[in-house]
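Subject: Handover of a structure

Dear colleague,

Please find below the structure that I am handing over to you. My findings follow directly after it.

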Amino acid sequence: FTLALARPAGAGWTVTINNALGELVAESALPVGARVATFDAAPWTPGTYSLTVQGPDGRWTRRMMVHH
């Protein structure tokens, strides 16, 4: 899946994805200026995941569902 950002990533921005148990399943440092991040969810178990974008100015977290 592709995550589209509303504004370009700044320095130090990261994306983390955790499963329902809180286990880290993906992490990516975003390059400065990035507007998208792509992840392969094919190996993940169907279910609920938390996606967090974090930068120096704060954190944004949303829940997402993975279906195959």
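Helices (H or I, at least four residues) and strands (E, at least two) are taken here as DSSP runs, numbered from the N terminus. Please note that this is a predicted model, in which local features need pLDDT of at least 70 and side-chain atom pairs count only at pLDDT 80 or more, while totals for chains, interfaces and linings use all residues. Residues are numbered from 1 along each chain as its sequence is written, and side-chain values use heavy atoms, with hydrogens and water left out.

Overall form

The chain has 6 strands and 0 helices, so that its elements run β-β-β-β-β-β from the N terminus on. The radius of gyration is 12 Å, close to the 11 Å that the globule rule gives for 68 residues, so the chain is as compact as a globular protein of that length. This radius is taken over C-alpha atoms, and the rule is 2.2 Å times the number of residues to the power 0.38. Along the principal axes, the C-alpha atoms fill a box of roughly 30 × 20 × 15 Å.

Of the 68 residues, 38% are buried (under 20% relative accessible area; exposed is over 50% and partly exposed lies in between, with a 1.4 Å probe and protein chains only). Among contacts (heavy atoms within 4.5 Å) with a separation of 6 or more, 50% join residues 24 or more positions apart.

The largest pocket

The largest pocket has a volume of about 230 Å³. Of its 14 lining residues, Leu-5, Arg-7, Trp-13, Val-53 and Trp-60 are the closest to the centre. A pocket is an open set of points on a 1 Å grid over the protein atoms alone, where a 1.4 Å probe fits, with protein on both sides within 12 Å along at least five of seven lines; lining residues have an atom within 4 Å of a point. Grid points are joined across faces, edges and corners, and the volume is the space filled by probe spheres set on the points. Strands β1 (2–4), β5 (47–55) and β6 (58–66) each supply at least two residues of the lining. By class, the lining has 8 nonpolar, 3 polar and 3 charged residues (Ala, Val, Leu, Ile, Met, Phe, Trp, Tyr, Cys and Pro count as nonpolar, Asp, Glu, Lys and Arg as charged, and the others, Gly among them, as polar).

Individual residues

Val-15, in strand β2, is buried, with a relative accessible area of 0%. Beyond four places in sequence, Val-15 touches residues including Leu-3, Phe-39 and Leu-51.

Asn-19 also lies in strand β2 (residues 14–19) and counts as buried because its relative accessible area is 17%. Its side chain makes a polar contact of 2.7 Å with the side chain of Glu-23 (a pair of N or O atoms within 3.5 Å; within protein, one must be able to donate a hydrogen and the other to accept it, and residues adjacent in sequence count only if both atoms are side-chain atoms). Leaving aside neighbours within four places, Asn-19 is in contact with Val-25, Thr-48 and Tyr-49.

Is Arg-63 buried or exposed? Arg-63, in strand β6, is exposed, at 65% relative accessibility. Its side chain is joined to that of Ser-50 by a polar contact of 2.3 Å. Ser-50, by contrast, lies in strand β5 and is buried, at 14%.

Yours sincerely
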